[in-house]
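Me: I would like to learn how to read aromatic pairs, salt bridges and backbone angles in a protein model. Could you take me through them step by step?

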Amino acid sequence: MSIYYDETHTISTRDAGLYNQCRPSALLGILQDTATNAALSIHLDQYALLAQYNVIWMLARIWFRLERPLFHCDEILIRTWHRGNRRATIYRDFDIYQNGVKIGEAVSNWVLADQGTRKLFRPTNIPAFLTTDGGALCKEIILNKLRMPQQIAQVPSHTFHFSDIDLNGHVNNVKYADVVCDALALDRSLDGHFVSSFQINYLAECRCGETMTLYAGEQDGVSYAGGTDRDGNERFVGALTLTPLPMAHGEK
């Protein structure tokens, strides 16, 4: 039996950015909020796991693909489920619908870690994961490591501040997506296009006051941006693909 969770969202004024399009960070926020509520519905949310096992959810990688752009006031339905246990990680899948038509999909990769030590905790230690997966709905997509192109350029650095920090004390997951988009100067390159795919890999936590040196490059039609700390350690890498807008929205 497949166990999935549905949630409807409307692209709000907070979600829409330049050219009236839903920002990648906003869509990632919607996906993560839906994942949180889905976990809550089967009693696998962070508060339940913290109380029982002293572990928290940590997002490692997330990716989405869209067949068409999302605009302000668009209503979408997100359907989501988890894949069950896969070593130390848990995959959560999503399908994205508009007016009953599937227009995209997403995959996220999570780990469970001890709240204090950040030591990884195996999902096999939690019996509920054995009976609440998506069954036949489960995708086979695996999120691989992102590697920056050989030809990259340094772009203006970014310092994380109070507004970037979440309740766990580190930079909120969706904030990295905004940093990636800024590093790739999407304010210029997005005109006449939309972000048809986006992936970000989180390599280490960032905290308030830390400054990241940013690099950007392009390879095989994919734009990449990543951040390193003052010691040169890579903290995150993002990659996105731009696709021309459909004529109904792109003609001038």
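What follows is a conversation about selected features of this structure, which is a predicted model.

Me: Let me begin with the rings: how many aromatic pairs does the structure hold?

Reply: The structure holds 7 aromatic pairs. One of them joins Trp-57 and Phe-129, whose ring centres are 5.9 Å apart and whose planes stand at 90°, an edge-to-face arrangement. Trp-57 belongs to strand S2 (residues 55-66), while Phe-129 sits in the loop between strand S6 (120-121) and strand S7 (152-159), so this pair ties together parts that are 72 residues apart in sequence. Both Trp-57 and Phe-129 are buried.

Me: How should I read the angle between the planes of Tyr-176 and Tyr-202, and why is that pair edge-to-face?

Reply: The general idea is that planes over 60 degrees apart count as edge-to-face. In this case the planes of Tyr-176 and Tyr-202 meet at 75° with the ring centres 5.2 Å apart, and therefore the pair is edge-to-face. Tyr-176 lies in helix H3 (residues 173-183) and Tyr-202 in strand S8 (residues 193-202), so that the pair links distant parts of the chain, 26 residues apart. Tyr-176 and Tyr-202 are both buried, and together with Phe-160 and Phe-236 they form one aromatic cluster.

Me: Turning to charged side chains, how many salt bridges does the structure hold, and with which residue does Glu-105 form one?

Reply: There are 12 salt bridges in the structure. Glu-105 forms a salt bridge with Arg-65, the closest N and O atoms being 3.2 Å apart, and this pair links distant parts of the chain, with Glu-105 in strand S5 and Arg-65 in strand S2, 40 residues apart.

Me: Is Glu-105 buried or exposed, and how is Arg-65 classed?

Reply: The general idea is to compare the relative accessible area with the cut-offs, since buried means under 20% and exposed means over 50%, with partly exposed in between. Glu-105, at 12% relative accessibility, therefore counts as buried, whereas Arg-65, with a relative accessible area of 25%, is partly exposed.

Me: What else surrounds Glu-105, once its neighbours within four places in sequence are left aside?

Reply: Glu-105, which is found in strand S5 (residues 101-114), is then in contact with Trp-63, Phe-64, Arg-65, Phe-94, Asp-95, Ile-96, Lys-139 and Ile-141. Lys-139 deserves a separate look: a polar contact of 2.9 Å joins the side chains of Glu-105 and Lys-139, and although 34 residues separate the two in sequence, their C-alpha atoms are 9.9 Å apart in space.

Me: Which salt bridges does Asp-95 make with Lys-102 and Lys-139, and what do they join?

Reply: Asp-95 meets Lys-102 in a salt bridge with an N to O distance of 3.2 Å, and Asp-95 meets Lys-139 in another at 2.7 Å. Asp-95 lies in strand S4 (residues 89-98) and Lys-139 in the loop between S6 and S7, so their pair ties together parts that are 44 residues apart in sequence. Asp-95 and Lys-139 are both buried. Salt bridges that share partners join Arg-65, Glu-67, Asp-95, Lys-102, Glu-105 and Lys-139 into one network. Within it, Lys-102 is partly exposed, with a relative accessible area of 33%, whereas Asp-95 counts as buried at 8%.

Me: What is found around a buried charge that has no salt bridge, as with Asp-15?

Reply: The general idea is that a salt bridge needs a nitrogen of Lys or Arg within 4 Å of a carboxyl oxygen of Asp or Glu. For Asp-15, the nearest side chain of opposite charge, Arg-23, is 5.2 Å away. Asp-15 lies in the loop between strand S1 (5-10) and helix H1 (24-41), where its side chain reaches the backbone nitrogen of Ser-12 at 2.9 Å. Leaving aside neighbours within four places in sequence, the residues in contact with Asp-15 are Thr-10, Gln-21, Cys-22, Arg-23, Ala-26 and Ile-30.

Me: Finally, where are Cys-73 and Asp-220, and what is the phi of each?

Reply: Cys-73 has a positive phi of about 80° although it is not a glycine; Cys-73 is placed in the loop between S2 and strand S3 (75-86) and counts as exposed at 51% relative accessibility. Asp-220, also a residue other than glycine, has a positive phi near 55°. Asp-220 is found in the loop between strand S9 (211-219) and strand S10 (222-228), and at 74% relative accessibility Asp-220 counts as exposed.

How values were computed. Residues numbered from 1 in each chain as written. Predicted model: local features only at pLDDT ≥ 70, side-chain atom pairs only at ≥ 80, totals over all residues. Heavy atoms only, no water. Phe/Tyr/Trp six-rings, centres within 6.5 Å; stacked < 30°, edge-to-face > 60°. Helix = DSSP H or I, 4+ residues; strand = E, 2+ residues; numbered from the N terminus. Buried < 20%, exposed > 50% of the residue type's maximum accessible area, 1.4 Å probe, protein only. Contact = heavy atoms within 4.5 Å. Polar contact = N/O pair within 3.5 Å; in protein donor to acceptor, adjacent residues only side chain to side chain. Lys, Arg positive; Asp, Glu negative; His and termini not counted.
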